[in-house]
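I opened this entry to keep track of what I looked up, and in what order.

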Amino acid sequence: MQLGIFTIGDVTQDPTTGRTPTENERIKATVAIARKAEEVGMDVFATGQHHNPPFVAPANPPILMAHLAAQTEKIQLGTATTLITTTDPVRIAEDYSYVQHLADGRVDLTLGRGNTGPVYPWFGKDIRQGIPLAVENYQLLYRLWREQSVNYSGRFRTPLQGFTATPRPLDDVPPFVWHGSIRSPEIPEQAAFYGDGFFHNNIFWNKEHTERMVDFYRQRYEYYGHGSYDQAIVGLGGQVFMAKNSQDARRTFRPYFDNAPVYGHGPSLEDFTEQTPLTVGSPQQVIERTLSFREYAGDYQRQLFLVDHAGLPLKTVLEQMDILGEEVIPVLRKEFDAARPAHVPEAPTHESLVARHAAGKDPIPGGGPDSQAAKDRAQQAEAAQRDHENAK
Amino acid sequence: MTDRLTLAVVTAGLSEDSTTTRLGEAIAQAASTTVENAGQHVDIQVIQLRDLAHGLTDMMITHVASRAVQDAIDTVLTADGLIAASPTYKASYSGLFKQFFDVIDESALENLPTVVAATGGSPRHSLVLDTAMRPLLSYLKALVLPLGIYAASEDWGHNDLQRRIDRVGASLGTMLLAGSQGSAGSTDGASHGDAARPGLRREVKDDFSDVPDFASLLASVGS
């Protein structure tokens, strides 16, 4: 089980002091938070990608990831999310390969479409084409990382003739890709087709939505023959705030919650805690709630927490991470690992992907010959052939 | 075979004894009488938007439906008929009334027999049914009945209002019966919304029921 944090890099006024950090302070705080994540024994630090205030998540995450790679030893560096719709897939291929080399393979990425309408036209795109953009751009990214010389023409970018993305991925094994979506079933379908991971942010919606998305992804993963239903690679988000006792946690967090970007000035803390996976309470309550995600998502591979948003000062965030590292994560890791059956894999790492590649077991997009998908395709082809014969 | 029918009354009335809610319920009763006379039964489910006001605002902001809001949406989604009732505020339906229909899926009301009803302080607002309520519900593809009811304060003192209510209720009741006959042949336990009506079909859409297979998604972008 990989346990870590993800950040959206919001620059938000601290509602209790009225102070807004400068962009420089927020960026440096992000670095401090990532270093702290490694220090307290977390497995993953993932950064968002943003192009608009009030966010200072990098417009190109590999810039931050490269910096962190130089300052850390072990922690996996990821994204939450990389915008597959508005970022040129050629630059994603090249920049993430480069940082993968710098980080000795400690890199993966989660692709998302981005739901900030104004961003799309800045990059010459149209939000209504979100799904087709995600489909076409990822297909190109997938090929750029695996084919030495790419000929390509598509709807959304200039054609390529004999193009080689450089550098090539480390050990010829591309970074692992998670596909993130809150409510569009086409995205778990995409993740399943390629045998990639599926990440649900699990923050803004009730758990029934997360459950449907994960269930659908698992079904389709099995259909495409990449493994059984319970072997699909699932990641979840979550949001926590802790204190020794739950009253203190609620009292401290409430002003931040009430004024938070996205959901602030809306539901009460109590309602939102009940309706979504947000947990504000004692470390024990966070442990119990997080372990309960298994009940609707199955045995999953990655759990990321949002801890640094809504204007929480750096000092508080680092304290929260201390509690996570000391009291929560060791218990979660032990419990999740104990509960997971032996045939359910861990989250992929560069080492496991290199071994898989060497063994010739890379997933075949759309499913290998033994998959149900391949059988259905053969049957359809046969039926079409029969129709053709009969028509003669 | 008797099909159990449900009729949803969505009312944006605000006061404890609201004329808007009274009007909606009276139409439902009248429809029920028509249905009972034909030997069938209709469950009337009243959705008081006042009780959902906070939940609807929260949902606007976060997309998360509270249990109560989700129950209300599901009630409308699976109903056989709808009475939509609002007080007239500033020459239109109230903001609360619109909020409910703003959070409902585009296809949720498709082919749903619907009566529009409104109340107001002055008879001079009676066109609110046709200038505000019909366009909204037509946009949502509801089957809005030609007859609706606008009741001004002064109408509550006249017998004529009950006559109009009975007339509207009868035509809604007849629509409900027509729908139930259309589905009387189906005996499987398929979801309620699949019930076929003569010449029309109401389907409750499931996001996951027709996800295109990825190969066709790829083909559609030409990759």
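The entries below go from the chain interface to the salt bridges and then to the domains.

**Entry 1: the interface of chain B and chain A**

I noted at the outset that this is a predicted model. I started with the extent of the contact, and found that 21 residues of chain B touch 32 residues of chain A. The two chains bury about 2200 Å² between them, and carbon and sulfur atoms account for 65% of that area. On the chain B side I looked up the leading contributors, and Phe208(B), Phe214(B) and Val221(B) supply 32% of the area that chain B buries against chain A, more than any other three residues.

For polar contacts between chain B and chain A, the count is one residue pair, both residues being at pLDDT 80 or more.

Which elements of chain B supply at least two residues each to the side that touches chain A? I found helix 2 (49-62) and helix 7 (214-221), and of the elements of chain B it is helix 7 that gives the most, with six residues. Sorted by class, that side of chain B holds eleven nonpolar, six polar and four charged residues.

**Entry 2: salt bridges**

Over all chains, the rule gives 29 salt bridges. I looked up several of those in chain A one by one.

Arg157(A) pairs with Asp88(A), with 2.8 Å between the closest N and O atoms. Asp88(A) is partly exposed, at a relative accessible area of 28%.

The side chains of Arg128(A) and Asp126(A) form a salt bridge at 2.7 Å, N to O. Here I recorded Arg128(A) as exposed, at 70% relative accessibility, whereas Asp126(A) is partly exposed, at 26%.

For Asp362(A) and Arg356(A), the closest N and O atoms of the salt bridge are 3.6 Å apart. Asp362(A) is partly exposed, at 33%, and Arg356(A) is also partly exposed, at 28%. I also found a network in which salt bridges with shared partners join Asp10(A), Arg26(A) and Asp308(A).

**Entry 3: the domains of chain A**

I found chain A divided into domain 1 (2-361) and domain 2 (363-392), with their C-alpha centres 36 Å apart. Ten residues of domain 1 and ten residues of domain 2 take part in the contact between them.

The area buried between these two domains is about 760 Å², and carbon and sulfur atoms give 63% of it. Within domain 1, Phe193(A), Tyr223(A) and Tyr224(A) lose the most area to domain 2, together 53% of what that side buries.

How many salt bridges cross the interface of domain 1 and domain 2? The rule finds zero, but I did record four residue pairs in polar contact there, with both residues at pLDDT 80 or more. The side of domain 1 that touches domain 2 divides into five nonpolar, three polar and two charged residues.

How values were computed: Residues numbered from 1 in each chain as written. Chains lettered and ligands numbered in written order. Heavy atoms only, no water. Contact = heavy atoms within 4.5 Å. Buried area = accessible area lost by both parts, 1.4 Å probe. Polar contact = N/O pair within 3.5 Å; in protein donor to acceptor, adjacent residues only side chain to side chain. Helix = DSSP H or I, 4+ residues; strand = E, 2+ residues; numbered from the N terminus. Nonpolar A, V, L, I, M, F, W, Y, C, P; charged D, E, K, R; others polar. Salt bridge = Lys/Arg side-chain N within 4 Å of Asp/Glu carboxyl O. Buried < 20%, exposed > 50% of the residue type's maximum accessible area, 1.4 Å probe, protein only. Domains from an automatic or database assignment.
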